[in-house]
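Please open the structure in your viewer and keep the selection panel at hand. The tour below goes from one selection to the next and says what is found at each.

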Amino acid sequence: MGLPLFPPGDDPGPSFAALIRRSELFHPVPGPVEFDRGAVPAVAHGTTVVALRFADGVVMAGDRRATEGNIIAHRAMEKVFPADRHSAVAIAGAAGPAVEMVKLFQTQLEHYEKVEGVALSLEGKANQLGQMVREHLPMAMQGLVVVPLFAGYDLARSMGRIYSYDVTGGHYEEADHAATGSGGRDARTTIKLGWHPGLGRDEGIELAVRALYEAADEDSATGGPDLIRGIFPMVATVTVEGYDTVSDTEVAERFGVLLERRRAGGGQS
């Protein structure tokens, strides 16, 4: 099945969302739901995600816990996703809308590359995600906030780059690292104290793991390593070679080293 044809003045170009809106197959999406403030439905929320630069690219990581108020809604939620080969997105906020936003973002980047014949620049990808966050603002104003992190390897500059977002879709390039979610403050502090220029891959992964551990130690909504169930934070790297998920085995080993250090230090990292 080929793409539909449009008159010149109504061509949606490489925008997948605009294509859907103009397609005869499009069915209008209902507007924002008006909640009764006294009876807002329980919604699962994802929490802490981090990103940091290292010598060969970026490390992105997220805990696995989703909460509904003071209830653990899910223990093994995925919060880090490949956006395309050379970029990644991590989500914090209302889980359902966040995952759907990631799926649309992935489709948009693939559609753009098929239509234009080249991949969108890293800045262009960051702009596209910002537009999606801004379009979600009516729902965010009703409590369904989605605040992602975006990072990738910039082939033009031969370096990793990180972008953070606010609820209005504003996006800001971070120099070396970023964290968001309910445990973001503690994770950010840990990374700030441990980051240094020229950080290697192993050091970067260890620092991301330690940041999530410290966040979980202070924030009840952030999940730490679950040794009984074998659930550990999701960690990925993006380099010139592309997106790569760090295996659970490697993450578990790094947590093991971290916990041994805590025991040896009397509970201090």
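In what order do the 4 strands of the open sheet stand? In this predicted model, the order is β5-β4-β1-β8, and the pairing is antiparallel. Select β5 (71-74) and β8 (93-94) to see the edges of the sheet, where each has a single partner strand, so that one side of each is left without a neighbour in the sheet.

Next, turn to the largest nonpolar core, which has 25 residues, and select Val50, Leu52 and Val235, the residues with the most contacts inside it. Two or more residues of this core come from each of β2 (49-54), β3 (57-62), α5 (184-194), α6 and α7, and α6 gives the most, with 8 residues.

Now centre the view on Val235: leaving aside neighbours within four places in sequence, Val235 is in contact with Val59, Met60, Ala61, Ile205, Val209, Thr245, Val246 and Val251.

Finally, select helix α7 (residues 248-264), whose 17 residues reach 24 Å from the first C-alpha to the last, close to the 24 Å expected at 1.5 Å a residue. Its buried residues are Glu250, Val251, Arg254, Phe255, Leu258, Leu259 and Arg262, and what covers them includes α6 (201-218) and β13 (234-239).

Conventions: Residues numbered from 1 in each chain as written. Predicted model: local features only at pLDDT ≥ 70, side-chain atom pairs only at ≥ 80, totals over all residues. Heavy atoms only, no water. Expected span 1.5 Å × (residues − 1). Buried < 20%, exposed > 50% of the residue type's maximum accessible area, 1.4 Å probe, protein only. Contact = heavy atoms within 4.5 Å. Core = buried A, V, L, I, M, F, W, Y, C linked by side-chain atoms within 4.5 Å. Pairing = 2+ DSSP bridges.
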